[in-house]
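Take a walk through this model, one stretch at a time. Keep the sequence and the 3D view side by side.

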Amino acid sequence: MFTGNVEDIKKYKWCNEEGIQERFQKAFQFLAETDLMGLTPGEEIPVADGIIAKVQEYTTDPEESRRFETHRDYFDIQFVVKGEEFVGIVPAKGLTLDGGYSEKDDIQYYQTPAKHGGAVLRDGDFVVVPTTDAHRPNCMTDKKSTVRKIVVKVRA
């Protein structure tokens with residue numbers, strides 16, 4: 001997991017592995033240069049080869065009503081444009097599966113572990129979730145919040 005703010009984007013060189021670093025640079029360039037409030041919720045935007053942006057708008061839920069998930073094929077960049085949410089994070093290794101893997105949706109769910117960490121994301125904040133970490137997004141903090149979020153899927 002990596003958390004940060006939109007102001008941090010230029011400070012970091014992501015993965016040095018061929019292709020991935022370029023995909024992360026294009027993903028963050030999209031987030032930094034696009035009118036994210038002008039996008040339509042539900043829209044999926046092909047940013048570049050191996051990069052898809054999904055526009056979401058929702059009201060956060062109590063943490064216990066959400067499930068942990070991983071993706072095999074994509075990193076997630078969970079970027080909160082407006083609002084506030086808690087994202088639970090925990091290494092996926094050793095977690096108990098909660099159903100089968102959906103190849104179509106590239107998603108595997110898990111039962112909630114006894115302990116986990118996480119991050120509170122507010123306007124302009126993001127978290128990068130690798131394929132090895134489980135995450136539980138869209139959770140409320142101390143109160144419900146309407147959130148506009150862009151989830152950028154970056155092919156691993």
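Predicted model: local features only at pLDDT ≥ 70, side-chain atom pairs only at ≥ 80, totals over all residues.

Now step back to the whole chain. It holds 1 helix and 11 strands. Along the sequence the order reads β-α-β-β-β-β-β-β-β-β-β-β. There are 156 residues, and 46% of them are buried. The accessible surface is about 8300 Å². Carbon and sulfur atoms account for 46% of that surface.

Next, the interior. In soluble globular proteins, nonpolar side chains tend to be buried together. Here the largest nonpolar core has 21 residues. Phe24, Phe30, Leu31, Leu36, Ile77, Ile150 and Val152 have the most contacts inside this core. Two or more residues each come from α1 (20-33), β3 (51-59), β5 (74-82), β9 (125-129) and β11 (146-155). The largest share is that of α1, with 6 residues. A second, separate core has 9 residues, including Tyr58, Val87, Ile89 and Leu121.

Leaving out residues up to four places away in sequence, Leu36 touches Phe30, Leu31, Phe79, Val81, Arg148 and Ile150.

Aromatic rings come next. The whole structure has 2 aromatic pairs. One of them joins Phe24 and Phe75. The geometry is edge-to-face, with 5.1 Å from centre to centre and 75° between the planes. Phe24 lies in helix α1 and Phe75 in strand β5, so the pair ties together parts that are 51 residues apart in sequence. Both partners are under the 20% cut-off for burial: Phe24 has a relative accessible area of 2%, and Phe75 has 16%.

Which strands pair with β6? One is β8 (residues 117-122), joined to β6 by 6 bridges. Another is β10 (residues 133-139), joined by 5 bridges. β6 runs antiparallel to β8, and β6 also runs antiparallel to β10. Glu85 has Leu121 of β8 as its bridge partner. Pro91 stands opposite Asp133 in β10. Of the 8 residues of β6, 7 are buried, so the strand is largely enclosed by the rest of the structure.

Is Val90 buried or exposed? Val90 belongs to β6, which spans residues 84-91. Its relative accessible area is 11%, so Val90 is buried. What surrounds Val90? Apart from neighbours within four places in sequence, Val90 is in contact with Phe68, Leu95, Pro113, Lys115, His116, Asp133 and Ala134. Ala134 lies 44 residues away along the chain, yet the C-alpha atoms of Val90 and Ala134 are separated by 5.4 Å.

Technical notes:
Residues numbered from 1 in each chain as written. Heavy atoms only, no water. Helix = DSSP H or I, 4+ residues; strand = E, 2+ residues; numbered from the N terminus. Buried < 20%, exposed > 50% of the residue type's maximum accessible area, 1.4 Å probe, protein only. Areas by Shrake-Rupley, 256 points an atom, 1.4 Å probe, with all protein chains shown as cover. Contact = heavy atoms within 4.5 Å. Core = buried A, V, L, I, M, F, W, Y, C linked by side-chain atoms within 4.5 Å. Phe/Tyr/Trp six-rings, centres within 6.5 Å; stacked < 30°, edge-to-face > 60°. Pairing = 2+ DSSP bridges.
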